[in-house]
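I opened this entry to record what I looked up, residue by residue. My notes follow the order in which I checked things.

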Amino acid sequence: MSNTIIAPSILAADFANLQRDIELINNSEAEWFHLDVMDGVFVPNISFGMPVIKSIAKHAKKPLDVHLMIIDPDRYIKVFAELGANVLTVHFEACTHLHRTLQAIKDEGMQAGVAINPHTNVSLLEDTIKDIDLVCMMSVNPGFGGQSFIENTYKKVRQLKKIIEANGASIKIEIDGGVTNKNAKQLVDAGADVLVAGSYVFGASDPTQTISDLVKLTR
Ligand code: DX5
Ligand code: ZN
């Protein structure tokens, strides 16, 4: 019995009908909004930034889970706190002083998340494990929605779960990329707590039902 959080990724929403898609999430069984910020440097794509998040925050009635795929994230921690981010996730690969960055996120009253790329070994998180609230495990290479799930993720989730338990830490494991009804249950069985789903939700003919199905599958 688990209580999996489904976090639809707004990257796959219709930006010309953003309010409609936000209301859809508000009225669904999803628990979080996942917001992907890309800078065109850390990842080969540019998504959206502050003005869009400000508008989303006005309508969203659920926590904002902001995933920064940017270099030098420290420069913007305060800004994202002011915008209303509840969870702020930075990339392990983009942080020279990860420990300091995590403290800065918490000092602003947000939960601190660390995202790791598919090539990054989970053991690299051991020395900051007590300072992390959420690990966003990338199950695709970050930068684009709609990519195929990388199967090696299951093994990494199990490894990370062991590290978390061995340290007596309380950390959420979030899976980001290529999540569908084909892998959701297996991911939760491996130890995942949060599932991000973009194209699977917004590409469906009935996104509300699709979210509900994911919730049922992972219960
Ligand atoms: C990828 C983003 C993901 C993406 C997920 O760089 O971090 O959050 O929006 O999209 P899907 O579910 O379509 O793989
Ligand atoms: Zn993301």
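I began with Asp-72, which is partly exposed because it has 15 C-beta neighbours inside 10 Å. My burial rule counts other C-beta atoms within 10 Å of a residue's own: 20 or more is buried, 12 or fewer is exposed, and in between is partly exposed, with C-beta atoms placed from the backbone. Asp-72 sits in the loop between β3 (64–69) and α3 (77–83). I take helices (H or I, at least four residues) and strands (E, at least two) as DSSP runs, numbered from the N terminus. I noted the backbone too: phi of Asp-72 is near 50°, a positive value in a residue other than glycine. Most residues other than glycine have a negative phi.

I wrote down the ground rules next. This is a predicted model, where local features need pLDDT of at least 70, side-chain atom pairs count only at pLDDT 80 or more, and totals for chains, interfaces and linings use all residues. Residues are numbered from 1 along each chain as its sequence is written, while chains are lettered from A and ligands numbered from 1 in the order in which they are written.

**Annotated sites**

I checked the UniProt record. An unreviewed entry lists His-34, Asp-36, His-67 and Asp-176 under "binding site". UniProt positions are given in the numbering used here, feature names are shortened, and annotations may be inferred rather than shown by experiment.

I looked at two of them in turn. His-34 is in strand β2. His-34 is buried, with 29 other C-beta atoms within 10 Å. Beyond four places in sequence, His-34 touches Ala-7, Pro-8, Ser-9, Ile-10, Asp-65, His-67 and Val-196. I call two residues in contact if their C-beta atoms, placed from the backbone, lie within 7 Å.

Asp-36 also belongs to strand β2. Asp-36 is buried as well, with 25 other C-beta atoms within 10 Å. Its contacts, leaving aside neighbours within four places, are Ser-9, Leu-11, Ser-47, His-67 and Met-69.

UniProt also places "binding site" (unreviewed entry) at a set of positions including Ser-9, His-67, Gly-143, Gly-146, Asp-176, Gly-198 and Ser-199. Gly-143 lies in the loop between β6 (134–138) and α5 (153–166). Gly-143 is partly exposed, with 18 other C-beta atoms within 10 Å. Outside four places in sequence, Gly-143 contacts Met-38, Val-43, Pro-44, Asn-45 and Met-69. Gly-146 is in the loop between β6 and α5. With 13 other C-beta atoms within 10 Å, Gly-146 is partly exposed.

**Ligand 1**

Which residues come nearest to ligand 1? Of the 22 around it, they are Ser-9, Pro-142, Gly-145, Gly-198 and Ser-199. A residue is near a molecule if its C-beta atom, placed from the backbone, lies within 6 Å of it. I sorted the shell by class: 9 nonpolar, 11 polar and 2 charged residues. Ala, Val, Leu, Ile, Met, Phe, Trp, Tyr, Cys and Pro count as nonpolar, Asp, Glu, Lys and Arg as charged, and the others, Gly among them, as polar. β2 (33–38), β8 (194–197) and α7 (199–202) each supply at least two shell residues.

**Ile-46**

I then turned to Ile-46, in the loop between β2 and α2 (50–59). Ile-46 is partly exposed, with 13 C-beta neighbours inside 10 Å. Ile-46 touches Met-38, Asp-39 and Gly-40, not counting residues up to four places away.

**Core and overall form**

I looked at the largest nonpolar core, which has 67 residues. Such a core is a set of buried Ala, Val, Leu, Ile, Met, Phe, Trp, Tyr and Cys residues joined through C-beta atoms within 7 Å. Among the members touching the most others are Val-66, Val-135 and Leu-195. The largest share of this core, 5 residues, comes from β6.

Last, I noted the whole protein. I count 8 helices and 8 strands. Of its 219 residues, 44% are buried.
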